[in-house]
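The points below may be read beside the sequence and the model.

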Amino acid sequence: MIRAIVTDIEGTTSDIRFVHNVLFPYARERLASFVQAGVDSDPVRAILDDLRAEISQPQATPDALIAVLLGFMEEDRKSTALKALQGHIWRDGYVNGDFTGHLYPDVPPALRQWKAQGIDLYVYSSGSVAAQKLLFGYSDEGDITGLFSGYFDTHVGAKRETQSYRNIAEQIGLPPDQLLFLSDIRQELDAAREAGWQTIQLIRGEADHESRHRQVSRFDDIHPEQTSL
Ligand SMILES: CSCCC(=O)C(=O)COP(=O)(O)O
Ligand SMILES: [Mg+2]
């Protein structure tokens, strides 16, 4: 029996094009000036210190770190420091109404139905917890953060590592076979399955013929009350 559902964002609840064509360029264009303006105070100061630790360069200057961050953005590196910084930059965009967090239309009704069935809902994304709360707080359908019982980011580990799902299960406090992970990425689902979780792959675009996970194209094709997913 499924007692909690943990969902990915990019490619699962939300269009990958929103993340790559709206959020990432918005952060890239503002990254250097945001860092330069905030270099002497938190949160920027703390994020730069975390980045120095992440790259083992304790003496790196802010300009050098800006270059590292832009390089990370280029390769879509899931750096915890980069993700924290992006979350702070995106805040302005959401608050100013430059964009709203994209949600596939099938997502909010399904989340509401699962919640009404007594299933707890969580988010796990490489985007920082603050960024996740912004996306769902300023979503196409308004603030839907009330549906979620908790959020996880790379502080629990990377999404393709099995230990991350063990850590999340421990924090949620449920046995892994009562947890369902939803993602578009086969390797993330493989890691969750390895940790004993149930898994479903969202296929919002291109088919994935190498996957051994059950596949659906919409949230309303998911029926967690059925024992056999
Ligand atoms: C909180 S929305 C932005 C998501 C993000 O920054 C990202 O890199 C998505 O990565 P994921 O591993 O969740 O696909
Ligand atoms: Mg994804």
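1. Terms for exposure. A residue is called buried under 20% relative accessible area, exposed over 50%, and partly exposed in between, with a 1.4 Å probe and protein chains only. By that rule Asp 76 is partly exposed, because its relative accessible area is 25%.

2. Basis of the note. The model is predicted, so local features need pLDDT of at least 70 and side-chain atom pairs count only at pLDDT 80 or more, while totals for chains, interfaces and linings use all residues. Residues are numbered from 1 along each chain as its sequence is written, chains are lettered from A and ligands numbered from 1 in the order in which they are written, and side-chain values use heavy atoms, with hydrogens and water left out.

3. The magnesium ion. Which protein residues are the donors of the magnesium ion (ligand 2)? They are Asp 8 (OD), Glu 10 (O) and Asp 184 (OD), at 2.1 to 2.2 Å from the ion. Glu 10 belongs to the loop between β1 (4–7) and α1 (16–38), and Asp 184 to the loop between β4 (179–183) and α8 (186–194), so this pair ties together parts that are 174 residues apart in sequence. Donors are N, O and S atoms within 2.8 Å of the metal (3.2 Å for Na, K and Ca); water is not among the atoms, so sites may look incomplete. Helices (H or I, at least four residues) and strands (E, at least two) are DSSP runs, numbered from the N terminus. The donor spacing in sequence reads D-x1-E-x173-D. Asp 184 is buried, at 18% relative accessible area.

4. Polar contacts of ligand 1. Oxygen atoms of ligand 1 lie 2.4 Å from a polar side-chain atom of Ser 126 and 2.9 Å from one of Lys 159. Asp 8, a donor of the magnesium ion, has a side-chain N or O atom 3.4 Å from an oxygen atom of ligand 1. Taken alone, ligand 1 exposes 400 Å², and the protein buries 97% of that.

5. Backbone points to inspect. The peptide bond from Asp 42 to Pro 43 is cis, with omega near 10°, and Pro 43 is placed in the loop between α1 and α2 (44–54). Where is Ser 56? Ser 56 lies in the loop between α2 and α3 (62–74); although not a glycine, Ser 56 has a positive phi of about 55°. Ser 56 counts as exposed, with 60% relative accessibility. Asp 76, in the loop between α3 and α4, is likewise not a glycine and has a positive phi of about 55°.

6. Two further loop and segment residues. Ser 139 lies in the loop between α6 and β3 (150–152) and is buried at 4% relative accessible area. Asp 221, in the segment after β6 (214–216), is partly exposed at 32%.

Terms used
Polar contact = N/O pair within 3.5 Å; in protein donor to acceptor, adjacent residues only side chain to side chain. Areas by Shrake-Rupley, 256 points an atom, 1.4 Å probe, with all protein chains shown as cover.
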